Amino acid sequence: MRDYFLTCTGCGARYLDDGSRLQCANDHAPALLRSVYPQRAFEPGAAASMLRYSQWLPGARALTTTARTGVYRSTALAAHLGLHELWVAFSGWWPERGATLPTGSFKDLEAVSVLRRLEPSDTRTLVISSAGNTALAFARVCTENDLPALIIVPLTGWTDVMAHTEVGPSVRVVALADIGYEETIAFARDVCANSEFILEGGVRNIGRRDGMGTAMLAAVEAIGRLPDYYFQAVGSAAGALAAHEAALRVRADGRFGSRLPRLMLSQNAPFTPLHDAWQAESPVLLPRSAETAAAQLAGLGAFVLSNQAPPYAPAGGVREALIESDGGTYAVTNRELENARAIFAELEGTDIEPAAGVAVASLTQAVRAGNVAPDAAVLLHITGGGRAALPIRGATHARPTLVLERRELATTAVERARSLLR
Ligand SMILES: [Zn+2]
């Protein structure tokens, strides 16, 4: 049963959700769809997991989970930064803090939500392209629920996937050798030209964003109101848009504050397409040659932030969200992110992923620059961490189901991927 509908942020068109729609059918400039739920009041349910926020999740399939973001008020890092009210939303593995994301990253939230959104009668194989953490999250939840998935990753990301989960027979992993994240996205689209596949669609999938939006909802529940600032590192920026959309829903309730959290988004220098466009006050992403992008990406400490085409300009996208929330952007070097990871581990007591280090470093920058008032309610989203304590370890000797070479992409690659289902 679906009690919500989809609306186009470009033209306002409405759609009943078929579980997999990624865009508006009308002919106009790119625009994201958003889900609109009937319940206006924010009333968490009884579930211990993220499903306590199912009033604002696109549920069609009954799929259970234990995953939930843990939110707590920091003392040590807050004192170090000179902040009076610093809240940490920990989307990783840290049960002592209430964080129970089984693969240690916020991608667990989106995988559960995307799969719950799919039509129960849909037997097509879901195709997911990922640089690492998304692949890991989908591999795990599809394995646990015996759901068909074809996961496409750069070969360099394969080891990361296997280190933290087992991969069952319903999940096929295609690894592309010598290929970056952008080409895995293009290959996923090619594969989905065939009717037995269904494209997951990344940031355009409302299931993804609403699932990740539960981190903001958990924070509002813990704080008792909307925070003043929201800090997160961004690649595709799906998580930041998710937080913004969740905040819009909470604001509409009326009891949790009337001001949207200011989105403070950070990227890993030197590859900072969103930061560059925002700082230049450009309405679109700035042009960047393939050579420049490749050179910048090669030195990235937080490889998961390597998305080259985040939805900055589209309606419902990053630029609109930054304007609407009076937000800002930050660029963080590898040295800064490593320092921040070390400080977080020392002061707060657990390991965090490189991208989360970018977020911590951006908060440090913002405080030093005087951009955040000391008594403001600040929400810091740690989008991955606690992996050192993860109970599940994969079989590191396992191989991808199929490894494809770059030269095959234009010829036999799609057919070889299709043959995995037969
Ligand atoms: Zn439209």
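Donors are taken here as N, O and S atoms within 2.8 Å of the metal, and the site described below belongs to a predicted model. The zinc ion is coordinated by the SG atoms of Cys-8, Cys-11 and Cys-24 together with NE2 of His-28, at 2.0 to 2.3 Å, and along the chain these donors follow the spacing C-x2-C-x12-C-x3-H. Because Cys-11 is placed in the loop between β1 (5–8) and β2 (14–16), whereas Cys-24 is placed in the loop between β2 and β3 (33–36), the pair ties together parts that are 13 residues apart in sequence. The angles subtended by the four donor atoms around the zinc ion are 106 to 114 degrees, and the arrangement is therefore tetrahedral; the ideal angle for four tetrahedral donors is 109.5 degrees.

Helix α7 (residues 214–223) is largely enclosed by the rest of the structure, because eight of its ten residues are buried. The buried residues of α7 comprise Thr-214, Ala-215, Met-216, Leu-217, Ala-218, Ala-219, Val-220 and Ile-223. Just after α7, Gly-224 adopts a positive phi of about 95 degrees.

Asn-339 and Gly-357, which are separated by 18 residues in sequence, lie 7.9 Å apart in space when taken from C-alpha to C-alpha.

Definitions and conventions: Residues are numbered from 1 along each chain as its sequence is written. This is a predicted model: local features need pLDDT of at least 70, side-chain atom pairs count only at pLDDT 80 or more; totals for chains, interfaces and linings use all residues. Side-chain values use heavy atoms; hydrogens and water are left out. Donors are N, O and S atoms within 2.8 Å of the metal (3.2 Å for Na, K and Ca); water is not among the atoms, so sites may look incomplete. Four donors count as tetrahedral if all angles lie between 85 and 135 degrees; four count as square planar and six as octahedral if opposite donors are over 155 degrees apart and all others between 65 and 115; anything else is irregular. Helices (H or I, at least four residues) and strands (E, at least two) are DSSP runs, numbered from the N terminus. Buried means under 20% relative accessible area, exposed over 50%, partly exposed in between (1.4 Å probe, protein chains only).
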